[in-house]
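This briefing covers the pockets, the ligand site and the backbone geometry of one protein model. Please view the structure before reading the points below.

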Amino acid sequence: MNPRINIDLKKLQNNAAVLTKICKESNIKVAAVTKGFCAEPEITEALVAGGVQQLADSRIENLIKLAHIPVEKILLRLPMLSQVNEVVKYADISMNSELETIEALNKAAEAQNKIHRIILMVDLGDLREGIIDDQELKDALLTIKAFKFIKVEGLGTNLTCFGGVLPSDENLARLIALSKEAESLLGYPMEIISGGNSSSVHLIVDRKIPTEINHLRLGETILLGVESARGNKIEGTYQDAFQLVAEIIEVKVKPSVPIGEIGVDAFGNVPVFEEKGNIKRAILAVGKQDIATHPIFPVDKGMEVMGGSSDHLIVDLTHCEREYKVGDEVTFNLGYGSMLALMTSGYVSKNYIK
Ligand SMILES: *Cc1c(COP(=O)(O)O)cnc(C)c1O
């Protein structure tokens, strides 16, 4: 069925194994992040087969989808107050920054007769989630100490998401110092110092990760085989475990510049065109509804993506050696954004390659 996303489970297992090994050499436990592929169980199982020690997702619905897989689970996004019961039931660990929510988790855990573990999030400057003020963190820890059904598993941080701030041995040193303080305030050891996401992997590759960092949450780097700080490939991994296949529904030679007065395109933007004379182009049956405006990369190096509308993608075939015709399939490599969008689209079938 077209369009489809080909998902190579062996390549994904390999990528997970390579990243787990690199991390293990630096004493780092890997939580594989499943939100990039809507936590599809078959893919998740391939990552578990690759050796990842935990699973993590932003959405509790996704952790519920994985409830049958016997691996520890982390909720990445701060819990909604309205979902604390599900969080305690389906997440072993959740990431938190609000006392009000932690108090509600404590109550929910008491009702379920469970200890709920949390990673307390510290904002090191990226300005997404986390406690940014040291005194607030200390006060929070003292309050949490009195919650009988909450255990602080450790401290964590998230970087390179909102503010684009890169992890460094300097900002991570602050996390480590705060973790030591947390231990003395709480009177028990921190199991986890979670030093970020795929943008922390270059620190391991460069052997610059502080030894105290013992945990990372990795999505993109496992799925696409790149570290996200600089976009470098990780040796021994595949970058094409996910590919889009779409079908050609028109091939024609047309002018490169539209004919007539230019208003706005289907999405309200004023399009700009470069005069290249007549060009040979194809229309593919996939569109912005499936991939939004995220980049995709034709495997045929001669092909160029020109643009599209909600259900159409237009590519320039002028420099392709292959003679494309209606009905042909075209394959694209993906970035994180297009992979996420395609996996979420109900119009794109998922084809597992085993
Ligand atoms: C999404 C997310 C991750 C994973 O990010 P990648 O860049 O895909 O590795 C890690 N931690 C948190 C809190 C997240 O929301």
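How much space lies in the largest pocket? The largest pocket holds about 830 Å³ of space, where a volume is the space filled by probe spheres set on grid points joined across faces, edges and corners. The model is predicted: local features need pLDDT of at least 70, side-chain atom pairs count only at pLDDT 80 or more, and totals for chains, interfaces and linings use all residues. Residues are numbered from 1 along each chain as its sequence is written, and side-chain values use heavy atoms, with hydrogens and water left out.

**Largest pocket**

- A pocket is an open set of points on a 1 Å grid over the protein atoms alone, where a 1.4 Å probe fits, with protein on both sides within 12 Å along at least five of seven lines; lining residues have an atom within 4 Å of a point.
- The largest pocket is lined by 34 residues, and Phe273, Met306, Gly307, Gly308 and Ile314 are the closest to its centre.
- Two or more lining residues come from each of β10 (242–255), β11 (278–284), α10 (288–291), β13 (304–309) and β14 (312–316); helices (H or I, at least four residues) and strands (E, at least two) are DSSP runs, numbered from the N terminus.
- With 6 residues, β13 gives the most to this lining.
- By class, the lining of the largest pocket has 17 nonpolar, 10 polar and 7 charged residues; Ala, Val, Leu, Ile, Met, Phe, Trp, Tyr, Cys and Pro count as nonpolar, Asp, Glu, Lys and Arg as charged, and the others, Gly among them, as polar.

- Around the ligand are 13 residues, of which Lys35, Arg128, Ser198, Gly219 and Glu220 come nearest.
- The shell around the ligand has 4 nonpolar, 4 polar and 5 charged residues.
- A polar side-chain atom of Ser198 is 2.5 Å from a ligand oxygen atom.
- A backbone N or O atom of Gly219 lies 2.9 Å from an oxygen atom of the ligand, and a polar backbone atom of Glu220 lies 2.8 Å from a ligand oxygen atom.

**Backbone geometry**

- Most residues other than glycine have a negative phi, and most peptide bonds are trans.
- The peptide bond from Asn2 to Pro3 is cis, with omega near -10 degrees; Pro3 lies in the segment before β1 (4–8).
- Leu127 is not a glycine but has a positive phi of about 65 degrees, and Leu127 is in the loop between β6 (116–121) and α6 (134–145).

Conventions
A residue is near a molecule or strand if one of its heavy atoms lies within 4 Å of it. A polar contact is a pair of N or O atoms within 3.5 Å; within protein, one must be able to donate a hydrogen and the other to accept it, and residues adjacent in sequence count only if both atoms are side-chain atoms.
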